[in-house]
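Let's take a walk through this one, from a single side chain out to the contact between chains. Have the viewer open and follow along.

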Amino acid sequence: MRYLSLKISLLLSLCFYSSYGLSEDNAIREQVKTRDFYNSDHFMIKAPEAEGSPSASGNAQNIDGIRIGAGDDKTGYETTGYETNSVAISARHGKKADLIRVLNEPPLGLPKIPIPVDNPMTVEKIDLGKKLFFDRRLSLNDTFSCAMCHIPEQGFSSHELEKAVGFEGRSNRRNAPTIYNTAYLERLFHDARETTLENQIWGPLLSRNEMAMTSMGQVIQKVKDMSDYDGMFEEAFDGKSVDIVNLGKALASYQRILVSGNSPFDKWYYGKETNAISDQAIRGFDLFKGKGQCIACHSVGQKTALFTDMKVHNTGLGFKRTMGKEPEKERMLIAPGTYAYVMKSKKAIVGHAPMPDVGVYEVTQDPDDRWKYRTPSLRNVALTAPYMHDGSMLSLAEVIDLYNQGGVLKNESGYPNVTQSPLITPLGLTENESEDLIAFLKTLNGDNISEVISDAFSTPVGDTISIN
Amino acid sequence: MNIKKFISKPLAVLAPFVAASVLATNPVMADETCMSPYMVKIVGQEDFVYVWTLGVEGLGDGQDKMVTVDVNPKSEHYGKVINSESVGGRNEAHHSGFTDDRKFLWAGGLDSNKIFIFDVHTDPAAPKLVKTIDDFVSKTGGVVGPHTTYALPGRMIVTGLSNNQDHGGRTALVEYTNGGEYIDTYWMPTDDNLQGAHKGGQFADGYGYDIRALPAKNVMLTSSFTGWSNYMMDFGAMLGDAEAMKRFGNTMVIWDLHTRKPKQVLDVPGAPLEIRCAWKPENNYCFTTTALTSQLVLLNEENDVWKATNVADVGNPADIPLPVDISINSSDTMLWVNTFLDGKTRGFDITDPHNPKQVYEKQIGNQVNMVSSSWDGKRLYYTTSLLGNWDKKAGDNDQFIKLYHWDGTEMTEQFAIDFQAEKLGRAHQMRFGAYSLYGKTAKVEQAKNNIVAMSK
């Protein structure tokens with residue numbers, strides 16, 4: 001049997017050094033290294049410097065000994081110069097925080113936390129909800145807690161996946177959004193289908209592609225059977241043991257207290273600290289209010305800002321995914337700085353068809369709601385990549401490009417996107433202006449992130465304990 | 001209510017190991033050439049192949065099982081399934097490995113994190129589930145995805161693939177006694193805690209996958225795959241998920257076998273998977289292949305430092321054939337490399353380990369994963385399943401075990417068992433069994449020619 005020699009250059013290895021400030025010498029060294037790796041330069045192509053796909057991992061950083069960002073940081077993985085920046089799993093230690101203090105003193109820039117009359121906030125409920133949030137036994141085969149998708153150090157979202165993966169590896173069609181500041185959301189989920197945090201829990205608990213519990217009763221019985229919860233519900237709920245109502249109340253209490261404000265932007269805008277953000281970020285905010293029209297949907301108030309109008313809009317993205325043509329082949333990273341092309345036909349052999357997603361239409365059945373999604377808050381947005389309902393945008397730059405081009409008004413065949421928001425129009429932003437906008441978006445990180453992560457780490461992860 | 005309460009069944013009383021007069025004269029020649037060097041070996045005709053099989057929802061009883069195939073040509077059941085032991089649940093059955101005395105077979109579930117321990121010596125024709133370790137994650141401090149179960153003297157080393165914090169690739173090695181008592185967790189070195197290991201290149205990702213030991217060098221080698229989210233997810237969805245594609249291992253770690261401390265972290269980009277080490281005492285090297293970049297990689301020591309060198313392409317890397325299982329022959333001259341996506345097996349002449357040459361290629365099916373070789377290299381068994389959600393869909397989803405005879409130049413198929421037609425599931429890891437290992441004989445005169453060697 002003959003051994004086939006390499007076909008030329010379907011596999012590209014691309015080097016992007018500009019963004020890493022490597023000198024030309026370093027760049028050459030990196031490239032040579034990659035060439036060595038293949039023993040062959042048939043398929044080596046040096047990419048133009050400007051080209052480069054972004055990373056959702058953000059630049060992970062450690063504050064107070066706490067990693068903010070993925071413990072397995074992949075920033076720069078698109079380049080041959082990528083270096084790991086990993087932290088040990090065994091370093092998951094933290095300090096319990098006094099989370100409830102924000103109840104009466106919300107951080108600068110945020111309104112008072114709305115508390116349902118029938119679920120007053122207590123320390124007992126927060127602690128109980130936190131324990132539940134990290135308990136993997138709340139799933140059918142003990143592998144999924146809420147926190148497996150809403151990962152504390154990854155902005156209570158997941159940097160590691162565009163779309164969530166659940167029970168037995170089943171696909172989800174959407175990106176796991178952050179839990180920060182969900183206290184203020186009037187409607188939950190990307191398609192705004194849910195009303196309260198108390199109700200919301202049953203979505204993930206009972207979905208067969210999330211935690212896959214088979215009935216409400218099964219969930220309640222399972223919690224009853226876990227002896228480490230003995231007495232906890234009774235203490236938090238006036239002697240009542242776990243039931244479908246107070247399970248929701250406990251989980252909601254923990255999530256509701258995870259508000260995050262007093263960001264550099266808040267200090268500058270509401271606190272009048274002139275040096276709290278850079279001139280570039282100030283220019284970015286001017287664009288956000290002005291030329292960019294962002295503020296029309298990502299609202300900013302006189303005293304507080306949630307950066308969402310709570311309404312639903314079509315930005316063009318969902319339409320493009322649904323009605324656009326899938327390319328015959330896609331470029332794919334197969335190792336740091338190394339790409340290959342995968343054919344659509346090949347992907348179809350090893351994968352199921354993508355799940356449909358027509359947005360709010362699925363909730364209202366109104367064709368005017370096709371491809372509409374709820375405006376997300378932009379607080380902590382630098383910590384919650386990848387972006388949009390399907391996680392398909394890995395960086396803020398990609399999101400701004402979508403707005404700058406005026407959304408997606410028609411597909412390749414000219415079929416129109418009739419439900420796109422009239423507020424989405426070509427913006428004519430220059431590259432510098434886009435960067436200014438990004439600089440502004442990066443000023444929206446709350447001041448309590450490392451504290452909240454540390455508090456989360458102080459809570460043990462619930463796993464099966466063998467009862468011999 | 002469904003919290004599975006684990007009931008420990010006592011391990012069967014160990015039958016005294018009777019290996020007869022043919023014991024242990026040929027320590028380096030070995031069968032199933034991927035086994036631990038500490039393992040008792042079958043160097044003659046194997047009687048059984050134990051296939052760790054993934055349950056498929058809607059097929060048969062829908063759960064994972066240890067399937068026993070009779071492979072002794074003198075048996076009336078040759079080429080037939082003779083036993084199947086279901087374990088409950090779909091656990092993402094994956095790899096399995098014997099204890100060093102070869103009396104028990106440990107089989108891991110990458111999803112449920114359970115380890116199923118089968119007694120294979122009381123009745124080698126019918127392995128029996130005798131113990132289930134169901135607290136792997138909590139005992140180990142958060143390791144997820146028990147993968148390779150590898151025998152050291154009196155001990156089992158289990159490699160993890162993931163963790164309970166982000167379902168990513170950072171993980172650890174875990175040590176158990178042969179009886180299933182947890183001993184310790186050894187985390188893979190990460191940048192913040194290299195644990196004294198030397199990071200030779202750009203990567204210290206903390207990922208894990210396979211493990212092999214070279215006792216003469218006091219070395220263990222580990223490779224790196226990916227975390228739970230990726231190995232569990234739909235393969236097509238993963239290829240389209242640009243973040244998921246960044247979460248593959250790019251490292252191998254050299255460990256001190258005695259102290260279990262990492263010594264060196266090597267850059268091996270593209271997800272290095274199976275590790276196979278040469279058998280001859282003078283050949284202190286191993287091979288791996290990288291799943292995504294399709295490289296055959298040589299690992300050897302030069303001036304007391306371990307090196308990883310790409311020594312050949314596997315197929316056309318641009319086509320991403322996806323090298324999966326590999327198998328080295330006992331004379332260190334051939335390496336079989338399976339590629340999942342094109343369903344081929346490729347034979348590389350590795351007489352010169354720095355210069356492997358592909359000398360043979362054969363289509364095994366629409367997809368192929370594992371290959372297991374008899375000690376003499378004449379019998380090669382193939383199975384098909386890679387991972388429950390990575391296997392090809394619909395008509396391309398072949399699920400079988402096939403036996404081929406290899407005469408040095410050509411392969412000829414002997415039998416095939418269709419695991420879907422038999423309502424069994426997805427056929428994955430294969431391990432060999434033989435009566436002769438336990439001083440037993442079958443009713444038929446089949447084990448006569450078997451020789452048992454103990455290589456220590």
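Where does A:Asn262 lie? Look in the loop between α7 and α8 (264-269) of chain A, with helices taken as DSSP runs (H or I, at least four residues) and strands likewise (E, at least two), numbered from the N terminus. Before going on, some ground rules: this is a predicted model, where local features need pLDDT of at least 70, side-chain atom pairs count only at pLDDT 80 or more, and totals for chains, interfaces and linings use all residues. Residues are numbered from 1 along each chain as its sequence is written, chains are lettered from A and ligands numbered from 1 in the order in which they are written, and side-chain values use heavy atoms, leaving out hydrogens and water.

Back to A:Asn262. Leaving aside residues up to four places away in sequence, A:Asn262 touches A:Pro107, A:Leu108, A:Lys267 and A:Asp447 (contact means heavy atoms within 4.5 Å).

Now for a helix pair in chain A. The axes of α2 (residues 123-133) and α7 (residues 244-256) of chain A come within 7 Å and cross at roughly 95°. Axes here are lines fitted to C-alpha atoms, for helices over the stretch in contact, and angles run from 0 to 180 degrees between N-to-C directions. So α2(A) is roughly perpendicular to α7(A), a label that goes to angles of 65 to 115 degrees. Among the residues making the contact are A:Leu128 and A:Leu132 of α2(A) and A:Leu247 and A:Leu251 of α7(A).

What about charge pairs? The structure holds 54 salt bridges over all chains, each a side-chain nitrogen of Lys or Arg within 4 Å of a carboxyl oxygen of Asp or Glu. In one of them, A:Asp228 pairs with A:Arg137, with the closest N and O atoms 2.7 Å apart. A:Asp228 is in the loop between α5 (216-225) and α6 (232-236) of chain A and A:Arg137 in the loop between α2 and α3 (197-200), so the pair ties together parts that are 91 residues apart in sequence.

Two backbone details are worth a click. The peptide bond from A:Ala385 to A:Pro386 is cis, with omega near -5°, and A:Pro386 sits in the loop between β9 (373-374) and α13 (396-404) of chain A. Over in chain B, B:Glu92 has a positive phi near 60° despite not being glycine; B:Glu92 belongs to the loop between β4 (80-86) and β5 (93-98) of chain B.

Finally, zoom out to where the chains meet. The contact takes 83 residues from chain A and 78 from chain B. About 7200 Å² is buried between them, with carbon and sulfur atoms giving 55%; this is accessible area (1.4 Å probe) that the two parts lose on being put together, summed over both. Four salt bridges run between the chains, including A:Glu168 with B:Arg90, whose closest N and O atoms are 3.6 Å apart.

Methods. Angles under 35 degrees count as roughly parallel, over 145 as roughly antiparallel, 65 to 115 as roughly perpendicular and the rest as oblique.
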